[in-house]
Each structure stands twice: as C-alpha cells, then as structure tokens.
Amino acid sequence: MIKHFTVDRSYKELTEHRTLLLPIACYETTINQNINGHIPLHWHDEIQFVLIIRGEAVFQVNEEKIIVQEGEGLFINSGCLHMAEEINHSGCVYICLNVSPHFVLAQDLYATYVAPYIQATNLTYVHLDLDTKEEWGKNILDAIIKINHLMQKKSPYYEIDITVQLTLMWQNLIINGFQLKYEQSEMIRNKRMKQMLNWIHQHYAEKVMLKDIARAGQLSRSECCRYFKRYLKKTPSNYLTDYRIQKSKALLQQPDSNVTDVAFQVGFNSTSYFIEKFKKSMNMTPLTFKKNKND
C-alpha cells in the first residue's frame, strides 16, 4: 500500500509506477492515511484507473469534480492534474492502477488505438459509475480487481495475464465511440497551469508575488487568477499558502525541528501567521501536529 507518493517541483508524480518487469503499478490507497489527509494535486504520464473498494471520495480532474462511490471507478487520462479527498469520513480505500500508455497495446497498434485517446482534450476522465447499464464499465472494474490480484499473487506467467486484462480494459473503454477533440487552446491552458504550479513549487520558500506566478504562465495577473479559480477553485495566494502548509508537515515530523524554523523554511515570514494558517487548515497547531506524529 502506498501512503505517500513523491512529486517533483512541477507536481509531476515521481513515485515509480512500475515493477521490475512491467511498466505498471497496482496498489491500494487509504486516502486519510496520506500525510496531508487527502491525495494532493499531481499529474503523471501514466493513465490511471481507480476502483473504490470502501467509502466514497471526490476526485478533481483538471477543473472538474467527480463523486465516486463504493463499487464505482474512474479513468484518468495521461497528463491530467488530479487530486482526491474522502467524503463524510468514510475511510475511503481505492485500488489504483497506473499504466504506461505504451504498455496498453502492442506497439503496432499504439498510434491508431492509444495515442489519439491520450492526446484528446475532451477525454480527461471517464466515470465508471453504478448507473452504467452497459457491460463495458463492469468489465473494466472487474479487470482492475483481477490485475490487483495478479500483482499480489504473481503466479507463473502472471505478466501475460495482466497484458490480456489491460487489452480488454482498453477495448472496453474505447468501444464507446468517443468523438475525440483536439483543442489547441485547451492544450495551451493546461500547459500554462502546470508552468505556474511548477514555478510555485520551485519558489514557495521565497517571497512570492502574483506577478511572478503570472509571468511563469505568460499571463496577466487577472488572467492568472482566473486560471487558478477555474482549475483549483482558489486564488494563487490561497494555493501558495496551502502548498506551504503541505510542505511544512514533513518538516514538522523531523525530530529536531521546531515550529519557528519550519515556518521560515516554507516561506512564512511570521511564526504567528504560520500557526494561524496551519490551525485553520488542520484544526490543530503545528506543535500539536508534531507531537501527534512523533508519539
């Protein structure tokens, strides 16, 4: 089970989504066991399939939010920004299957049956919900369970069995006859949003101005704010504060850390302001958080 994944400064996930032989990863994730209490915003080149096995969660994919209940699933396309939070303290647990797009089908079929789908701007996610009457959705969810079992058991030739299941999953996904679209403007917006996030993740410990974030995305300050409101439903300033709080949690768990040093390390110029914002976010002070984690 992966509780903590790592990301680089562009928030591209660095956790290795692969075994020694297969460019895939399949594991169970308990959302509230993540250090942040939720799965923070990130993205990766792999496509992702999710199956909720307990509780319920709200996933955000780019600017859209999707409620996924127990027994339901979600396909998240390559390169899409996404995050997840559990709903109603449901103790949400889900199977997460990450797959390199180049491993989905044989290479000769990739250009025709994979590349057009992972590049489409109107196919960011597919909700595999309980109301889906068609068999294709159930087939995909069943295959996720089978792959998870195969990865754990590792019977002889299990790698071949996994490739068979992946082929069936992809076939069931694309038989819906998606009318694929490729909007250059949407590709540019996605790229600019990632550039701004990248800049924040590189410079969060410094003095950060709105004009600097906007410049990273080649936008005006007002347009920069509109991007953050569209994708993240918050201002650049609020996102920066949340990210600093997020980074502070790992530092607070270090035995020799203290609240004042951590506050300045993550970019706050006032310990009292850091404590105020941390308490608002976590419903406890940084010192209480540190004591709880180190007990």
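This is a predicted model: local features need pLDDT of at least 70, side-chain atom pairs count only at pLDDT 80 or more; totals for chains, interfaces and linings use all residues.

Analyst: Rings of Phe, Tyr and Trp (its six-membered ring) pair if their centres lie within 6.5 Å; planes under 30 degrees apart count as stacked, over 60 as edge-to-face and the rest as tilted. Residues are numbered from 1 along each chain as its sequence is written.

User: Why is the pair of Phe-59 and Tyr-94 called edge-to-face?

Analyst: The centres are 5.5 Å apart and the planes 65°; the limits are 6.5 Å and over 60 degrees, so the name applies. Phe-59 lies in strand E4 and Tyr-94 in strand E8, 35 residues apart.

User: What makes Tyr-204 and Tyr-243 a link between parts of the chain?

Analyst: Tyr-204 lies in the loop between helices H5 and H6 and Tyr-243 in helix H8, so their pair ties together parts 39 residues apart in sequence. Both Tyr-204 and Tyr-243 are buried (under 20% relative accessible area, exposed being over 50% and partly exposed in between, with a 1.4 Å probe and protein chains only).

User: Why is Lys-194 said to lie over the face of Trp-43?

Analyst: Lys-194 is at 3.9 Å from the ring centre; the rule asks for NZ of Lys or CZ of Arg within 6 Å of that centre and within 35 degrees of the ring normal.

Conventions:
Side-chain values use heavy atoms; hydrogens and water are left out. Helices (H or I, at least four residues) and strands (E, at least two) are DSSP runs, numbered from the N terminus.
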